[in-house]
Amino acid sequence: MADAVQDALASGRHLLVQAGTGTGKSLGYLAPILVRLVRNRERIVVATATLALQSQLADNDIPAALDAVEAVTGRRPSHAILKGRTNYACLLRTRDGGTGDQSTLISAADLRETIAASPLATPESALGAEVVALREWVESEAAAGGLADRDSAPTHTERGWQQVSIPARECLGVQRCPYGDACLVEKSREVARASDLVVTNHALLAINAMHGGTALPEHSAVVIDEAHELVARVTGAASAELSPQQVERVARRALTYLDDDLGLELLESADALRSALDVAPLERVEDADSAFVAACATVRNAARAAVGALTAGEDRQDPDRRQAAAAVKEVFDVAERMAGLAATDVVWVLERERSGREARVAPLTVAGLMRASVFGEHTTILTSATLKLGGDFDQVAGNLGLKAAERDDTFPARAAAPTDEDRDPGPAEMQPWRGLDVGSPFDYRRQGILYVARNLPQPGRDGLPPETLAEIAELTWAAGGRTLGLFSSRRAAEAAAVHVRKQLPKLTVLCQGDAQLSELTRRFIAEEEASLFGTLSLWQGVDVPGVTCSLVIIDRIPFPRPDEPLTQARQRAVAEAGGNGFMAVAATHAALLLAQGSGRLIRRTSDRGVVAVLDPRLTTARYGNYLQASMPPMWQTGDRETVIQALRRLSGQV
């Protein structure tokens, strides 16, 4: 892997490298990156999907790699962690707490009154005390030269953090902010600009691509770790939502600075949006003449007029007024995008349990953005334990904008990439890409069994059938607990937990929703015979090596909901282009999750266990081979008694 990364950096050829769990892939790319930075005056960016990996890199892997590089070369490249704006405290909001959205923010005077009037523990007094502690911490960090990064903050809630941070849209800018000279966000950017290696996240990488390279410092190459998450993260960064409550909240914030007619027009546009949403079908919006599109145009026009008024006049530089204008401008941008119904967008209406109906917009594909603004600009290296779906890189590469015809697995690369001086000022020709699977240190056929329950009924929409519940209980009994249950829905996880607790009262069965997920995971790791049942966040976010996790149960193939508008739109687009929409979208989604979920079992060379898929379609359906080819190559059986006896031996029962 290190050789391949070194070759990619030297040649300019993009690289997709699948490196199984236990490979040490972070060191596989850090070593060649840091050696290159020692030898060349350039900057390289590493982007992760999760804060957990970002912290692991910052606290463990990068320091270890830097020590090694320094020992060998005598030089130590500099590095920085760069996060999105809301991960840092804002001095304006911290010191002038009344600035911003009055529905969510509280002033320093309000804090004192709240705490003084609430000597007993109430939500208001708890929030007040939390914000006081946060503001004191921010001032201490600023005085000590720190960055006031959220990860190092005292314990806090989301609402508490809102009192000391600010969305990017509402930032006044260094020149206009009274605390611009001491801005902590700008300081983090300065540290990054002065560093050789910058570690950031997928979302900031996407924002950098969407906004012309303004979010990240200039760099020659980018390494994208956890690359199996990239499409979802870029889609999320490029998506937006619009609700009547949002429009009302922004309108009330702007009322102070608008004349009555403009303020009333903006408020009434929220009513128009609500009325249109109430009668709109819960599906994709494609009719440009629909009441919903007309309502979006009404919101857009009202917001446009309000922004014009807020950004004119003698008081237009007032901080509160500027932030109100920024909030209205955001509403304008989203409403205009939804009213436009661009062919590259998917707009749909959905119902939220607590807040009612709202509209969302997301890109139909992120391939064009990635191709033009990431691969087209920088040498790009993507790595994950899960990049080959159905046994090949082409599906993941295509979703990211790389074409099969551009693949070149020649090693080493045929020719070096042109230097900056050699490049034509016009659109750069796309560099080829290489796909490499470096394998795994695990012997999956010896360490794991894949059990497919061929005799169970095919999953339906009515919850887990009795036969499946009975199978879950028997497998859990045979494993002596020690089970990670990965379910397609919260309802299924809860039903399974209730059934197993009833059948096996001596075993501890934890279920997502019983407590904070971090606490449940801690107990699952600490209590060897405990089991943990849950949904999507467990499929990719749990690392439990050892006997604590001897059995992974997957209740059904994790296809996306067939009525989900974005999935439907993407499948249709593939079909209209002559492809197989189901395989390209739904099956790819399921393959990725199956690979990630089954990968929870074997985390060390000493691990042993069973992955039980309680969905016979994995072997009976036409797409079954594609899905199986995406999973670790364990020994496979459909014989339940063989699996029961294997689990009993592992748990010491026989």
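A salt bridge, for this talk, is a side-chain nitrogen of Lys or Arg within 4 Å of a carboxyl oxygen of Asp or Glu. What you see above is a predicted model, and a search of the whole structure finds 37 salt bridges. I will go through a few of them, then turn to the aromatic rings and a charged patch.

Take Asp-149 and Lys-83. Their side chains meet in a salt bridge, 2.9 Å from N to O. Asp-149 sits in the loop between H6 and H7, and Lys-83 in the loop between strand S3 (79–81) and helix H4 (91–95), so this pair ties together parts that are 66 residues apart in sequence. Are these residues buried or exposed? Buried means under 20% relative accessible area. Asp-149 has 17%, so it is buried. Lys-83 is buried too, with 5%.

Next, Glu-471 and Arg-640, whose side chains form a salt bridge of 3.6 Å, N to O. Glu-471 counts as buried at 7% relative accessibility, while Arg-640, at 30%, is partly exposed.

Asp-615 and Arg-617 also form a salt bridge, with the closest N and O atoms 2.7 Å apart. Both residues are buried. Finally, Glu-241, Arg-352, Glu-358 and Arg-360 are linked in a network of salt bridges.

Now the aromatic rings. A pair of them is described by the distance of the centres and the angle of the planes. How many aromatic pairs does the structure hold? There are six. One of them is Trp-137 with Trp-161, a tilted pair, 6.2 Å centre to centre and 50° between the planes. Trp-137 belongs to helix H6 (residues 123–143) and Trp-161 to helix H7 (residues 158–162), so the pair ties together parts 24 residues apart in sequence. Both Trp-137 and Trp-161 are buried.

Phe-559 and Tyr-623 make an edge-to-face pair, at 5.3 Å centre to centre with 90° between the planes. Phe-559 is partly exposed at 21% relative accessibility, whereas Tyr-623 is buried at 14%. Together with Phe-582, these two residues form one aromatic cluster.

Last, the surface. Asp-259, Asp-260, Asp-261, Glu-265 and Glu-268 gather there in a patch of negative charge. Among them, Asp-260 lies in helix H12 (residues 260–279) and counts as exposed, at 68% relative accessibility.

Notes:
Residues numbered from 1 in each chain as written. Predicted model: local features only at pLDDT ≥ 70, side-chain atom pairs only at ≥ 80, totals over all residues. Heavy atoms only, no water. Patch = residues over 30% accessible without salt bridge, like charges linked within 9 Å, V, L, I, M, F, W, Y side chains within 5 Å. Areas by Shrake-Rupley, 256 points an atom, 1.4 Å probe, with all protein chains shown as cover. Lys, Arg positive; Asp, Glu negative; His and termini not counted. Charge placed at Lys NZ, Arg CZ, Asp CG, Glu CD. Helix = DSSP H or I, 4+ residues; strand = E, 2+ residues; numbered from the N terminus. Buried < 20%, exposed > 50% of the residue type's maximum accessible area, 1.4 Å probe, protein only. Phe/Tyr/Trp six-rings, centres within 6.5 Å; stacked < 30°, edge-to-face > 60°.
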